[in-house]
Amino acid sequence: MTEQAHPEWDASYTAGTPAPWDIGRPQPAFVRLADEGRLTGRVLDAGCGTGENALLAASRGADVTGIDVAPAAIARARAKASERGLTARFEVADALDLGRLSLTVDTVIDSGVFHVFGDDDRARYVASLAAVLRPAGACYLMCFSDQQPGTWGPRRVRAEELRAAFSDGWAVESITADTFEINPVDGTTQVQAWLAAIRRN
Ligand code: SAH
């Protein structure tokens with residue numbers, strides 16, 4: 001993983017206007033998870049962007065690490081932590097190679113990252129998550145859903161694809177219809193998502 005290898009992601013954080021997903025507050029679905037007491041212990045936010053969901057978990061007392069390939073996103077996440085007086089680690093790293101971090105966590109958050117990977121990287125990503133999540137640890141993953149009409153945005157994911165990706169070494173506990181809030185795109189501020197709760201065996 002190098003900064004140069006992912007210029008397109010960094011560019012999405014250095015443009016004048018925030019990217020559609022970079023809403024400046026945590027996703028409501030993750031606020032609900034936090035309210036249910038699920039974002040606890042050592043938490044990794046994989047592909048954390050500018051860190052809103054990671055900082056949500058940190059504000060509730062979790063020991064949080066956020067990683068992203070975009071240095072500009074990590075810089076912004078660090079600045080937010082400091083502005084808000086919150087403690088969290090933010091590092092530039094590749095979600096496809098988490099084993100290199102020498103990290104073990106109780107909980108993983110994925111808000112809008114699984115759906116960026118192509119078929120080949122999907123298997124790599126799931127193996128990478130397994131390398132840092134302790135046995136019986138939980139992964140909460142929200143991705144674009146096939147129920148979202150149109151072609152704008154990332155690839156749509158079917159619930160069966162999630163089940164297939166996590167079929168070996170994991171227990172998919174629930175997949176529920178949810179929504180991403182986004183900055184307006186053609187007047188749209190919400191898109192259909194799947195929220196999956198997945199436990200590592
Ligand atoms: N979770 C954030 C960002 C979602 S957008 C949020 O909810 O706001 C997808 C994010 O994945 C971007 O920040 C992008 O930089 C990051 N990303 C893409 N490929 C990655 C990879 N291989 N490793 C780590 N992060 C990656």
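Visitor: Where does Thr50 lie?

Guide: Thr50 lies in the loop between β1 (42-46) and α3, where helices (H or I, at least four residues) and strands (E, at least two) are DSSP runs numbered from the N terminus. This is a predicted model, in which local features need pLDDT of at least 70, side-chain atom pairs count only at pLDDT 80 or more, and totals for chains, interfaces and linings use all residues. Residues are numbered from 1 along each chain as its sequence is written, and side-chain values use heavy atoms, with hydrogens and water left out.

Visitor: Why is Thr50 called buried?

Guide: The relative accessible area of Thr50 is 5%, and buried means under 20%, exposed over 50% and partly exposed in between (1.4 Å probe, protein chains only), so Thr50 counts as buried.

Visitor: What makes Trp9 and Trp21 an edge-to-face aromatic pair?

Guide: Rings of Phe, Tyr and Trp (its six-membered ring) pair if their centres lie within 6.5 Å, and planes under 30 degrees apart count as stacked, over 60 as edge-to-face and the rest as tilted. For Trp9 and Trp21 the values are 5.8 Å centre to centre and 65° between the planes, so the pair is edge-to-face. The pair links distant parts of the chain, with Trp9 in helix α1 and Trp21 in the loop between α1 and α2 (28-35), 12 residues apart. Ring pairs also join Tyr13 with Trp9 and Trp21 in a cluster.
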